[in-house]
Amino acid sequence: MRKIQVEICTGTACFVMGASELMLLEEKLPESLQDKVEITGSPCMGNCHSERKSHLPFVKIDGEVIEDANLPDVIERIEKIAEGNKNA
Amino acid sequence: MLNINNNASNINREILVRIARLQLEGKLRDGVHYIPRELAPTDKPPFRCCVYHDRAILRMRVVARLGCSVEDCDEDKPLYDYAAEALKREKPTWPMLTVLHDACNGCVRSHYMVTNACQGCFARPCMVNCPKKAITVDKHAHIDETKCINCGLCMQNCPYHSIIKIPVPCEEACPVGAISKDESGHEKIDYDKCIFCGNCMRSCPFGAMMDKSQLVDVIRHMMENKKKVVALYAPAIASQFRAESGQLEEALLDAGFDKVYEVALGADICADKEAKEFEERMARGDKMMTTSCCSAYVRAVQIHVPELKECVSSTRSPMHYTAEIARKEDPDCITVFIGPCLAKRREGFDDNIVNYVLSIEEVGALLIAKGIEIASLKSKEQKVIPTSTGRNFAKTGGVEEAVAARLKDKSILRPAVINGLDKTGMKTLAMYGMINSGKLPCKPDTPNLIEVMACEGGCIGGPSVITNPKIASVQLGKYVAEGTKTE
């Protein structure tokens, strides 16, 4: 089955704004989701350099950018997608 | 425990980024006024009662981030004037910490409280065990606060766990009792007791304890371009980004430093000297020696455990030795130590060959302001590579191992590590003090080399780190593995 793709931005700006906490995602994921998610570190996604004043850090889940990302929000989003995949 | 990266820490970093940007554009004085307004716009829900309250507190955060004390902050003095002062400042000003009274929640005095879970039981262990007869029970237990001495026996004895302690987080975190409430109920730091460990800073859920930034001063020297500004980066800093140390050095050069030194070089000198000193001390019959690289620890001994003073190694810190190397090459250079540490700001204040001490938060802000992406840079070739043991000073146990690796006869060594100076750590220190003064016996298995680090986990758990220590530990491992062998 296709896994949910989670890309954590590990660029300089995201790291200064706390991206390292997100790298603990693997151990914080509920057991039921562990094998459904593929987590990768991504080089700077470039969003922070755009004119639009965005909020760091960034995480991309299946291509969708989450701003001001934190662990609970990211896990919630993954749960929703997993739920949708199950029903599909 | 609070996350290292939380709303309070992120807002303080955001302010640093904005200050750095403005200063680099030459607009600090005129632009600084708008930072509180930009960070607390009217179209976003406020953290406190209203955006105006948020802005008032942000204004004080800006003052601290300009390197000024907030305690004597004048409400009528425009940020423009604070910025002008910061740009003229010759030296960082005392003290390193500042308390934002208006952000300080003025938490209620630490006390014990009976909750609804109280069953008003028949045995009444709370009442029976209270040494001050402060508890009465009708349907529920009641604590008479005028009699209560906060001993906690009622809480320990309640079979329903119905009595709880309401702590004051900063007071609870301070290992040396340096923080207490003033008449107005706000926290005040007693700088005669403070060891600048930074525990209060990372524990306050309101972010009311702030370190005074020196970033404006360093950027000013870079822009003036009169003297060379050199960066001395601590081993813990190499663990803070997902990049190679050569890339980090390249990034620091791009950020405006003229030269970059690894403080691990100074750590190697420090370990060499400490190994030699340890051998000499043991030969002359000393009971024990402790490490001396952690300045919060050294201060803790000087102020709070005088019996242990003579055991602290007389070796200076890696920061000092690295500054010596830099000054030997260019006696006129401005030395800027970069670390995760508040106590180093204190140490730097007294060390006349260290001009400034920046936190990794400040350097991170500078990198963002300059739009530098570390991982995209070419790795700078490093001419002298420090040893793995020197680089591992950033981790608990690392200093002791570095000294051990340099001993001629390792059989004389009985090492011990104090991993974090919390209240328990302070008690362990006091115990070693009593052993040294003869009040407690020195047994054949009593440790003779004691490494003390004020932060749990070592410097990678410092109060100003930006990276979760678990992740930092892995990244430090790579950096350490690339070091040279100890001869």
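A: Contact here means heavy atoms within 4.5 Å. And keep in mind that this is a predicted model.

Q: Fine. How many residues of chain A are in contact with chain B, and how many of chain B?
A: 18 residues of chain A touch 25 residues of chain B.

Q: How much area do chain A and chain B bury between them?
A: About 1800 Å². Carbon and sulfur atoms carry 60% of it.

Q: Which residues in chain A lose the most area to chain B?
A: A:Thr12, A:Val16 and A:Met17. Together they make up 35% of what the chain A side buries.

Q: How many salt bridges does the rule find across that interface?
A: One, between chain A and chain B. B:Lys470 pairs with A:Glu27, and their closest N and O atoms are 2.6 Å apart.

Q: Why can side chains like that pair?
A: Side chains of opposite charge can pair when their charged atoms come close.

Q: How many salt bridges over all chains?
A: The structure holds 34. One of them joins B:Glu14 and B:Arg18, at 3.0 Å from N to O.

Q: Where do B:Glu14 and B:Arg18 lie?
A: Both are in helix H1 of chain B. They sit four residues apart, about one turn of the helix.

Q: Stay on H1(B). At what angle do the axes of H1(B) and H4(B) cross?
A: Roughly 60°, and the axes come within 10 Å. H1 covers residues 7–24 of chain B and H4 covers residues 51–65. The angle makes H1(B) oblique to H4(B). The crossing is right-handed.

Q: Which residues meet there, H1(B) against H4(B)?
A: From H1(B), B:Ile11, B:Asn12, B:Ile15, B:Leu16 and B:Ile19. From H4(B), B:Leu58, B:Arg61, B:Val62 and B:Arg65. By class, the contact of H1(B) with H4(B) has six nonpolar, one polar and two charged residues.

Q: New topic: H12(B) and H14(B). What is their packing angle?
A: About 115°, with the axes 7 Å apart. H14 is residues 318–329 of chain B. So H12(B) is roughly perpendicular to H14(B). This crossing is right-handed.

Q: Which residues make the contact of H12(B) and H14(B)?
A: H12(B) brings B:Val263, B:Leu265, B:Gly266, B:Ala267, B:Ile269, B:Cys270 and B:Lys273. H14(B) brings B:Pro318, B:Met319, B:Tyr321, B:Thr322 and B:Ile325.

Q: Backbone check. Is the peptide bond from B:Trp94 to B:Pro95 cis or trans?
A: Cis, with omega near -10°. B:Pro95 lies in the loop between helix H5 (79–88) and strand S1 (97–99) of chain B.

Q: What joins A:Leu56 and A:Pro57?
A: A cis peptide bond, with omega about -5°. A:Pro57 is in the loop between strand S2 (37–42) and strand S3 (59–61) of chain A.

Q: Last one: is the phi of B:Lys133 positive or negative?
A: Positive, about 50°, although B:Lys133 is not a glycine. B:Lys133 is in the loop between helix H6 (125–129) and strand S3 (135–137) of chain B.

Methods: Residues are numbered from 1 along each chain as its sequence is written. Chains are lettered from A and ligands numbered from 1 in the order in which they are written. This is a predicted model: local features need pLDDT of at least 70, side-chain atom pairs count only at pLDDT 80 or more; totals for chains, interfaces and linings use all residues. Side-chain values use heavy atoms; hydrogens and water are left out. Axes are lines fitted to C-alpha atoms, for helices over the stretch in contact, and angles run from 0 to 180 degrees between N-to-C directions. Helices (H or I, at least four residues) and strands (E, at least two) are DSSP runs, numbered from the N terminus. Angles under 35 degrees count as roughly parallel, over 145 as roughly antiparallel, 65 to 115 as roughly perpendicular and the rest as oblique. A crossing is left-handed if the near helix is turned anticlockwise from the far one by less than a right angle, and right-handed if clockwise. Ala, Val, Leu, Ile, Met, Phe, Trp, Tyr, Cys and Pro count as nonpolar, Asp, Glu, Lys and Arg as charged, and the others, Gly among them, as polar. Buried area is the accessible area (1.4 Å probe) that two parts lose on being put together, summed over both. A salt bridge is a side-chain nitrogen of Lys or Arg within 4 Å of a carboxyl oxygen of Asp or Glu.
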